[in-house]
Amino acid sequence: MSLIRHSTKKRKNMSIEISEKTVKSDFVERVMKLSGQNIYKCFQCGTCGGACPMSGSMETVPRKIMRMTQLGLEEGVSESKTCWTCASCHTCTVNCPRGLDLARVMEAIRLLTLRKNANHIEPSKIPAQRVKQLPQIALVSCFRKMTS
Amino acid sequence: MKVSYYPGCTLKTKAKNLEDGAVASMAALGVEFEELPRWNCCGAVHSLADDDLIHQVAPVRDLIRAMEQGSEKVVTLCSMCYNTLARANLLMREDETKRNTINSFMNEEKDYHGEVEVVHFLNFLRDTVGWEKLRSSVKVPLKGLKVATYYGCTLVRPRNVAIEPAGEQKIMKEFLEALGATAVGFPAETLCCGSYQILANPDAALDVSATILDGATRAGAEALALSCPLCEFNLGKTQEELLGKGKISKEVPVYYFTQLLALALGLGGEVCRFDLNDKLSAEFLKGRNYPLEAVA
């Protein structure tokens, strides 16, 4: 039984379309270069998602993101909210039996979007009251992870 | 004894209650925290991209300040600052190419090669002050106080900067026991509190925070000790909402470990700054007759 009682979200259709339209052969190379991780080492055991404290709130678990990345499915990976739900807690990293640093892979996927000058959250839209309450490290870390 | 000290941004404002108790406690034990001159924000999170060196500049600059003080180590209190500084330090020690790039970019600074050791305050208390000395300095033993030991992420992950070997989780227990309290370990003690997702995905962060709080309650804890201002917000300041939404069964007072230290050393509530905690914290201690005034 999972340690965390997330409000369970329905996961989307599990099918993956693999075609010349969806496969971007350089996508995996870009993720590997940015993360410094050999994505092909992942053998789909699912330990990452099992250990992840946020996986109950993810529509696509990290294991599936790894598989989609191996296949070069850039669009599907970019459209998934998984990397934006990751809290960089490194639980997947310390548990991966293949020694993959998944936190770095998630960072690489985030950056491939952020470096197109696209913010995932807009700091100006956060209510002033919230900013007043939150510790500075919450704001700095969130902006570091989710703004370009 | 003097020791270099890096406070970090949050400790100067919203988390004064993490800093003040630690500085006063060290003064009481004959240790002077020498704050780094011209310190800057560490960046809060370690940059994980292989090509992103610019975000290493801020923590490395802080480490250079400590080196300029002639120190072999720099002590930090905030878990996130500890993690960010320690990982930048490892990078400067282990990766020659990146080290050379960062050093030549900061050509106005002295070259840095990882000369300084980044030490979390819990390790400093254990290894430099010592549990025996701490135990003998306690004026208000926290007898009967059952405190959950919450580590969170950044004190224990990744393993190359963990404050103790993986899976051990002894240091907070030994610390609390030195103060006379009863340490309560629980399965969620290294579970992430949701971190910065409290901004972007608050519901997901609240779910994990609720798991931690209820886990501590179920293990028999009456209070929870931690060392990170972001964990303190997620676990301490959201409890009214969590209780209202039925996500937790009861509220748990949350303290910085440094507040419990100052309290046990008899330094009083003024130093502990319980006014900055969740409302329940001071009330709970008063109810248990712990003196919130300084003890001579």
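User: Before we start, when do two residues count as in contact here?

Analyst: Two residues are in contact if their C-beta atoms, placed from the backbone, lie within 7 Å. Keep in mind that this is a predicted model.

User: Fine. Leaving aside neighbours within four places in sequence, what is B:L226 in contact with?

Analyst: With that exclusion, the contacts of B:L226 are B:Y150, B:G152, B:C231, B:E232, B:L235, B:V254, B:Y256 and B:F257. B:L226 also belongs to the largest nonpolar core, which has 144 residues. Along with A:A138, B:V147, B:L224, B:A225 and B:L260, B:L226 is among those touching the most other members.

User: Which helix gives the largest share of this core?

Analyst: Helix α9 of chain B, residues 202–218, with eight residues. In soluble globular proteins, nonpolar side chains tend to be buried together.

User: Switching to the contact between the chains. How many residues does each chain put in?

Analyst: Chain A puts in 41 residues and chain B 38 residues.

User: Which helices of chain A supply at least two residues each?

Analyst: On the side of chain A that touches chain B, those are α1 (25–35), α5 (82–85), α6 (91–95), α7 (102–114) and α9 (136–146). α9(A) gives the most, nine residues.

User: And how do the residues on that side of chain A divide into nonpolar, polar and charged?

Analyst: There are 21 nonpolar, 14 polar and six charged residues on the side of chain A that touches chain B.

User: Back to α9(A). Why is it described as largely enclosed by the rest of the structure?

Analyst: Nine of its 11 residues are buried, so α9(A) is largely enclosed by the rest of the structure. Among the buried ones are A:A138, A:L139 and A:K145.

User: What covers them?

Analyst: Elements from both chains: the cover includes α5, α7 and α8 (128–133) of chain A, and α3 (79–94), α8 (197–200) and α10 (229–236) of chain B.

User: OK, new topic: the sheet in chain B. What is the strand order?

Analyst: The order is β2-β1-β3-β4, four strands in an open sheet with parallel pairing. β2 (32–35) and β4 (117–120) of chain B are at the edges with a single partner strand each, so one side of each has no neighbour in the sheet. From one strand to the next, the twist averages 45°.

User: How many bridges join β1 and β3 of chain B?

Analyst: Three, between β1 (residues 2–6) and β3 (residues 73–76), in the parallel sense. B:Y6 stands opposite B:T76 in β3(B).

User: Which strands does α3(B) lie across?

Analyst: β1, β3 and β4 of chain B, and α3(B) runs at about 160° to β4(B).

Note on methods:
Residues are numbered from 1 along each chain as its sequence is written. Chains are lettered from A and ligands numbered from 1 in the order in which they are written. This is a predicted model: local features need pLDDT of at least 70, side-chain atom pairs count only at pLDDT 80 or more; totals for chains, interfaces and linings use all residues. Ala, Val, Leu, Ile, Met, Phe, Trp, Tyr, Cys and Pro count as nonpolar, Asp, Glu, Lys and Arg as charged, and the others, Gly among them, as polar. A nonpolar core is a set of buried Ala, Val, Leu, Ile, Met, Phe, Trp, Tyr and Cys residues joined through C-beta atoms within 7 Å. A residue is buried if 20 or more other C-beta atoms lie within 10 Å of its own, exposed if 12 or fewer, and partly exposed in between; C-beta atoms are placed from the backbone. Two strands pair if DSSP finds at least two bridges between them. Axes are lines fitted to C-alpha atoms, for helices over the stretch in contact, and angles run from 0 to 180 degrees between N-to-C directions.
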